Amino acid sequence: MGETESVEGRPLDDQELVEQARGGDARAYEALVRRYQDLAFRTAYVIAGRTADAEDAAQEGFVKAWYALSRFRTGAPFRPWLLAIVANEARNRRRTGRRQDDLALRVAEDRPSGDAAPSPEAAALAIEQRRLLLAAVGRLGEADRQVITCRYFLELSEAEMASALGCRPGTVKSRLSRALERLRVVLAEQGGGPLRASKLRGGER
Amino acid sequence: MSQRELGDLDWALSDLGASLEFPPTPDLAAAVTARLGEAPATAPADRRPRGWLAGVLRLPGWRRLALAGMVAAVLAAAVLVASPGTREAVARRLGLRGVEVRIGEPPPPTATTRPSNRLDLGLGEQVTLEEARRRVAFPVLVPRVGALQRPSAVFVNQAVPEGGRVDLVYRAQPGLPASRFTDVGLLITQFRGQPTPEFIKKVTGMGLVEEVTVAGEPGYWFSGEPHFFTYRDAGGTFREEQTRLAGNTLIWQRGELTLRLEGEISKPEALRIAESMR
C-alpha cells in the first residue's frame, strides 16, 4: 500500500487520498480507483447496459475526475461526486433503442442451472422468486429500473442515487416510490401475486 | 400499496440485490493510472486557464479552427474570472452569436422548481407552428426526422431576444427519454442571434464542451453535469432557468439563426436531428 496508508498503518480515508491526489500523487488516486472501481463499473453498467460501454465509461469517468480534482470541493464526499461523473459518461454511451435484455444481471445460484442434483424446495423457490422479481424489474421503464437498481442492487445512498441518476436529492424518494408502485403493477400482471415475499422469508409474518 | 406490501417488496428487492451477479469488474486502476501521466493534476493555483481549458475542452482542432478565421467560431481570449465560491472559473465567449459559455462551478440551486408533468416550461405563448412562423422575423426550422416533424407544443416569445424566439417542445417518447425535471423529451430553441448582448448564457461545471460541425456550420456539444442556462429577460437581466438543467445540449449556428437542442440524447442522435432541420 505504501503511500496509501497513514503512518499508523490505517488505510487512508477518501479525503486524505483526494488531498494527496490533488497534489499530483497518482498512487493515491490509484488507491481511490481500486476502492471504487466496482461501484463505478456497476453503476455505469446499470446505465449504459453493456459491459464494454460500462468499462469505457468508468475508465473515462475516473480519468476525467482526476483532471477535475482541483474543482472538487474540499471536505465533500467523494463517492457521489465520482458517481455523477461516471454516470454521465455512461449516459453518453447509452444507445438509443437499447433493449432491456442488454442488462444481463443474473441471480446467483449455488449450483449451475440444469444440474440434476435435487436442491431443497425452498431454495429453488427462492431462486425462482428472485428471477421473477428481476424479470419484473427488467420490464420497467428505464428510469424506474435505474432508480430501483441504484437503491437495491447498488445500495447507493440518496445523495449517491441523485448523483448517479442526475436528479435532485429531494426527488429521489418520490422517484423510488413511484418506481416501486409500477413494479408492483408489473408483478401483478406477471402473475404470482405481489411477489409472495413472505414466502421468501419462510412464512407469513 | 399497503405498508405490508411495500415492506415485502422492499425486503424482496434487497434480498434480490444481495444475490445478484454483476459482470466482473475489469481492472480499471491499471488502465486509469496509465492515462494519468499525460498531464498531472496540478494544484489550482498552478493552472493556467489555457492549459486547463485545453484539457477540459478537448479541442485538437481548436487552434486550427480559430486560425482559419471562421468568423462564427473565433474564440475570444480566455478570461479568468473570480466569483464567490468559485476557486477557478473561466469564461470564454464561444463564437456563436448570442451565446456566452462560462465554465465554472454551477450556481447553487434555488429552492424553487417548477412542477413537472408539464410541457410548458415558461417559454412564452403556446401557439401553432404556423402562428409561430407568422410572429417571428426568421424562418422557423423543424427537424425532418420521423415523428419530430410534429412538435408536441410550440412556444413563441416575441420580446426576448430581439426578433423573437421559437421553442419546439417534444414530449418524452421512445428514443427521447424524459428530462430529469419535466416531461419534456426534447427542446429545440431558435432565435436570430445578435453578436451582443448575449441571449443565452451557459454555465457548465464538470461538463465537456466539444466543437462540432452541423451542416457545415459551427456548433458546440455540451455533455456532462447539468448545464445551467440563463436567459436574458425582457428587462435585460439574466434569469436563471432551473427547469432547464440540461442533460446534453447542442448549440449551433445556421446562417443567421442560433439554435439549441437539449435532451437526454447522445451526440450522434443530436447531430442527426440538428442536421435534418429545414
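## Chain B

Of the 278 residues in chain B, 39% are buried (20 or more other C-beta atoms within 10 Å of the residue's own, with C-beta atoms placed from the backbone; exposed means 12 or fewer, partly exposed in between). Chain B has six helices and 15 strands (DSSP runs, H or I of at least four residues for helices and E of at least two for strands, numbered from the N terminus). Among contacts in chain B with a separation of 6 or more, 60% join residues 24 or more positions apart; a contact requires C-beta atoms within 7 Å.

## Basis

The model is predicted: local features need pLDDT of at least 70 and side-chain atom pairs pLDDT 80 or more, while totals for chains, interfaces and linings use all residues. Residues are numbered from 1 along each chain as written, with chains lettered from A and ligands numbered from 1 in written order.

## Nonpolar cores

A nonpolar core is a set of buried Ala, Val, Leu, Ile, Met, Phe, Trp, Tyr and Cys residues joined through C-beta atoms within 7 Å. The largest has 61 residues, and those touching the most other members include A:Ala40, A:Phe62 and A:Val86. Helix α2 (residues 26-48) of chain A contributes the most to this core, 14 residues. A separate second core of 32 residues includes B:Leu187 and B:Ala270.

## Helix α5 of chain A

The 19 residues of helix α5 (residues 121-139) of chain A should span 27 Å at 1.5 Å a residue, and the end C-alpha atoms agree, being 27 Å apart; the expected span is 1.5 Å times one less than the number of residues.

The buried residues of α5(A) are A:Ala126, A:Gln129, A:Arg130, A:Leu133, A:Ala136 and A:Val137. They lie on the same side of α5(A) because their arc around the axis is only 120°, taken from the directions from the axis to the C-beta atoms. A:Glu121 and A:Ala124, on the other side of α5(A), are exposed.

Note on methods. Contact = placed C-beta atoms within 7 Å.
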